[in-house]
Amino acid sequence: MKKILLLGSGELGKELAISLKRIGCSVIACDAYENAPAMQVSDKNEVFNMLDKEKLSELINKHKPDYIVPEVEAIETNVLIDAEQNGYNVIPSAKAVNLTMNRDRIRDRAKHLGLKTANFAYAETEEELILEANKIGTKVAVKPVMSSSGKGQSYANSEDELKLSWKFALEGMRGNRKRVIVEEFIDFEYEITLLTILEKSRQVTFCNPIGHFQKRGDYQYSWQPANCSQDVIRKAQDAAKKMVLDLGGSGIFGVEFFIDKKGEVIFSELSPRPHDTGMVTMFTQNFSQFDIHARVLLGMPLPEIKLNQPGASHVILAEENASGNYVIDGIEEALKDKNVDYRIFGKPFLKSYRRMGVILAPSLEQAKKAVKKIFVKAI
Ligand SMILES: Nc1ncnc2c1ncn2[C@@H]1O[C@H](COP(=O)(O)OP(=O)(O)O)[C@@H](O)[C@H]1O
Ligand SMILES: [Mg+2]
């Protein structure tokens, strides 16, 4: 039985743990808080700060896993580089995890490989941010180099807004690097995630593109297949293939692109693991992104990936000021549409806008309708 050390135990980790358990793996789920979603479906768990270098290496030595599988960015990745050098399998590869831990390294890599990206610069002080933003243009996006799900991310149009963005970024950042990326605002037509599969043999395979809509920098709903032209698909596949081959290893990657009005495909970011917008594949594909990641990371042959039916996902969110215990009401009402499915993540408590579950449906319209019937209530 292969032993997996899962670093990060959110909803994506939970589904991955289920996929891994189904094919006979033993899973040790890690995160900073108790009873995290993936811990509820794993063999063992460890609660600790994954940015703590000593603790992380101690746990790797304690469990001696066959595979170390990160589910989040906020991990002390130097430990994973050492682990890989000492013979451990890091998924997809220590290089991929290290380069994507911070936004700056992966963006620099994309530029180096000749991918089209938004103009960008970095800043480590408020003054530097204002200086760089003025060089880029009128409207910019500002993000901490280490953060996810839109945390600390904002848009700015003026010096006053840039000052607010700087403050907001420092509040939302993870880790201890006081550094932001400032990017040209792209007025895109739509955006996609291209789930890209890299096998050990370096064979690259793609899922159908997933369209998605974001609010506050966080995904609200997604659908598959996205309605892209063949030309857009080809450009996105070429860019994604270049990136994953450069990062190496084996696993599924979520590669994000903006598509502008002229049909240009602009690389945005990449996560070397299943993607939140890819939850829709639990409904649409014969093998979900979690099943695929599980098989490919173990070095198993990739099955033929088919789109069984089009579909959409919509998040079930906590309210802005939510905290503490909760109940979720209205699921029965939502399921009156007999083609609607759902997942509840089992997070132990509420937080502002926290993702508590997801609706899966054959169309976006049905997903949106179902979500309207559901209420996350603090108790
Ligand atoms: N430069 C940009 N121009 C326009 N929209 C952007 C830009 N950067 C980010 N966004 C929007 O914010 C979302 C989240 O940004 P992203 O860089 O993917 O952060 P995260 O790592 O938190 O997902 C994107 O999917 C997009 O909708
Ligand atoms: Mg993103």
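Is Arg216 buried, exposed or partly exposed? The legends below answer this and visit some other spots in a predicted model.

Local features here need pLDDT of at least 70, side-chain atom pairs count only at pLDDT 80 or more, and totals for chains, interfaces and linings use all residues. Residues are numbered from 1 along each chain as its sequence is written, chains are lettered from A and ligands numbered from 1 in the order in which they are written, and side-chain values use heavy atoms, with hydrogens and water left out.

**View 1. Arg216 has a positive phi without being a glycine.** Its phi is about 55 degrees. Look for Arg216 in the loop between strand 12 (210-215) and strand 13; helices (H or I, at least four residues) and strands (E, at least two) are DSSP runs, numbered from the N terminus. Arg216 counts as partly exposed because its relative accessibility is 37%; buried means under 20% relative accessible area, exposed over 50%, and partly exposed in between (1.4 Å probe, protein chains only).

**View 2. Lys64 is another non-glycine residue with a positive phi.** Here phi is about 45 degrees. Lys64 sits in the loop between helix 2 (53-63) and strand 4 (67-70). With 55% relative accessibility, Lys64 counts as exposed.

**View 3. A cis peptide bond links Ile91 to Pro92.** Omega is about -5 degrees at this bond. Pro92 belongs to the loop between strand 5 (89-90) and helix 4 (94-101). As background, most residues other than glycine have a negative phi, and most peptide bonds are trans.

**View 4. Gln224 and Pro225 are also joined by a cis peptide bond.** Omega is about 0 degrees in this case. You will find Pro225 in the loop between strand 13 (218-224) and helix 8 (230-247).

**View 5. Four strands form an open sheet in the order 6-9-7-8.** Their pairing is antiparallel; two strands pair if DSSP finds at least two bridges between them. At the edges are strand 6 (120-123) and strand 8 (154-156), each pairing on one side only. On average, neighbouring strands of this sheet are turned by 30 degrees against each other, direction ignored; axes are lines fitted to C-alpha atoms, for helices over the stretch in contact, and angles run from 0 to 180 degrees between N-to-C directions.

**View 6. Helix 5 (residues 103-112) packs on this sheet.** The helix touches strand 6, strand 7 and strand 9 (180-184), where contact means heavy atoms within 4.5 Å. The direction of helix 5 makes about 150 degrees with that of strand 6.
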